[in-house]
Amino acid sequence: MAKKPLRVGMIGYGFMGRAHTNAYKQVGQFFPSQHEVVLKAACARNEGEIKKFAAQWGYESVETDWKKLIARPDIDVIDICTPNNLHKEIALAAAAAGKMILCEKPLAMNTAEGKEMVAAVEKAKVANMVWYNYRRIPAVTLAKKLIEEGRLGRVFHYRAKFLQDWTIKADLPQGGQGLWRLDVAAAGSGVSGDLLAHCIDTSIWLNGRLDSVCAMTETFVKERMHNLTGKVEKVGIDDACTFMGRYANGSLANFESTRYARGHKAAYTFEINGENMSIYWDLHDLHRLQIFDYKDEGKIRGWKSIHVTDNSPDHPYMANWWVPGLAIGYDASFTHQVADFIAGLESGTPQGPTFRDALETQAVLDAVLDSAKQQKWVDVAK
Ligand SMILES: NC(=O)c1ccc[n+]([C@@H]2O[C@H](COP(=O)([O-])OP(=O)(O)OC[C@H]3O[C@@H](n4cnc5c(N)ncnc54)[C@H](O)[C@@H]3O)[C@@H](O)[C@H]2O)c1
């Protein structure tokens, strides 16, 4: 039977443009479905660069104006891989044109924008998803399974960190290609929206709603040369953000993120402590899930490290890859996300995180920044 084409129009060809395209190319081989992903068009403002990208990665055509891409009748899904300040405008236009939307995280610059985006996709009834890809690293998905099986018992603590060190140099400029993350006008916020957004999404998925937060932020380098204006300008992003919080299930939250932790590049870790079991995961060792099971027999009780590579259904996604014991990588989380998106289209049950799911993370981010500003506890808006 002929497969149904899923014709992708991707906007942006940077880090995520490459990660997503790699996933589109892999998904049909490793997760066959009734759909066939077609790399229809890639879009960016620089014609020479986007043509080079399209030729290298196998896109059929290019556009230099995302509005033209959205207007094309031969595109089914718009993939938003641009800096955060463009997510809303592109998503609203894509929804109005009846396109499905895959949007990079964070969903928006803030909750108000996010709400408009949710309203737009729900009004247009278009399939939508946000690329919080860490949910689909097999060890993280296994953690979800263990929690759903009730193995942890009552949960007391959830703590997460996401540490980097690439903005320590005070003469690093802000803004423009490659450095938009330091420019508040393009990014909306600093490490909170960029890094903690991932930690918050995973935590809500694993441990439920965050009710209230108390945060502090710091901007260590207060002024940087702006690449777009050529002038030294105030830095508006948070360089570091730490917060504590309370979950609806009564457990306590402890989160930290910074780009000033010398020696750390992408040190995302989380730990959950329940009455019967603790779980620990580390992105630098992404295939392992560390667990301590209090129900183990006393004399052999201790932390164990599960190498999540078995091809039985016990280890999520792994049956579609290699033989047991062999690892897959960071890139596969994106392949899993596309596979699940397609599975959602075929089953009629949308797979998360949808725009609506991602709005919850946005509300936590707003509360975190508000709390840091006011120097007091803030309830997360419902
Ligand atoms: N899921 C994840 O783990 C993850 C990781 C990194 C980035 N992100 C998110 O992905 C998005 C992009 O980040 P990135 O690291 O790929 O950035 P990047 O700087 O590598 O790429 C951004 C791309 O957007 C393009 N662009 C900018 N303005 C445009 C416009 N007006 N029209 C068309 N194209 C335009 C640029 O040319 C560039 O190709 C951000 O929202 C970021 O938060 C998510």
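The lining of the largest pocket comprises 23 nonpolar, 14 polar and eight charged residues, where Ala, Val, Leu, Ile, Met, Phe, Trp, Tyr, Cys and Pro count as nonpolar, Asp, Glu, Lys and Arg as charged, and the others, Gly among them, as polar. The model is a predicted one, in which local features need pLDDT of at least 70 and side-chain atom pairs count only at pLDDT 80 or more, whereas totals for chains, interfaces and linings use all residues. Residues are numbered from 1 along each chain as its sequence is written, and side-chain values use heavy atoms, with hydrogens and water left out.

On a 1 Å grid over the protein atoms alone, a pocket is an open set of points with protein on both sides within 12 Å along at least five of seven lines, a cavity is a set where a 1.4 Å probe fits but cannot get out, and lining residues have an atom within 4 Å of a point. The largest pocket holds about 1200 Å³ of space, a volume being the space filled by probe spheres set on the points, which are joined across faces, edges and corners. Of its 45 lining residues, Cys81, Thr82, Pro83, Trp180 and Arg181 lie nearest the centre. Helix 1 (15–30), helix 7 (184–187) and helix 8 (191–207) are the elements that each give two or more residues to this lining; helix 8 gives the most, with three. Helices here are DSSP runs (H or I, at least four residues) numbered from the N terminus.

The ligand sits in the largest pocket, in that more than half of its atoms lie within 2 Å of the pocket's grid points. It is surrounded by 25 residues, the closest being Tyr13, Met16, Asn84, Lys105 and Trp180; a residue belongs to this shell if one of its heavy atoms lies within 4 Å of the ligand. The shell divides into 13 nonpolar, eight polar and four charged residues. A polar backbone atom of phenylalanine 15 is 2.9 Å from an oxygen atom of the ligand. The protein buries 91% of the 850 Å² that the ligand exposes when taken alone.

There are also two cavities of 30 Å³ or more. The largest cavity contains about 60 Å³, and helix 10 (residues 355–374) gives the most to its lining, with four residues. The second largest cavity contains about 30 Å³; among its lining residues are Asn84, Trp180 and Arg181.

Methods
Polar contact = N/O pair within 3.5 Å; in protein donor to acceptor, adjacent residues only side chain to side chain. Areas by Shrake-Rupley, 256 points an atom, 1.4 Å probe, with all protein chains shown as cover.
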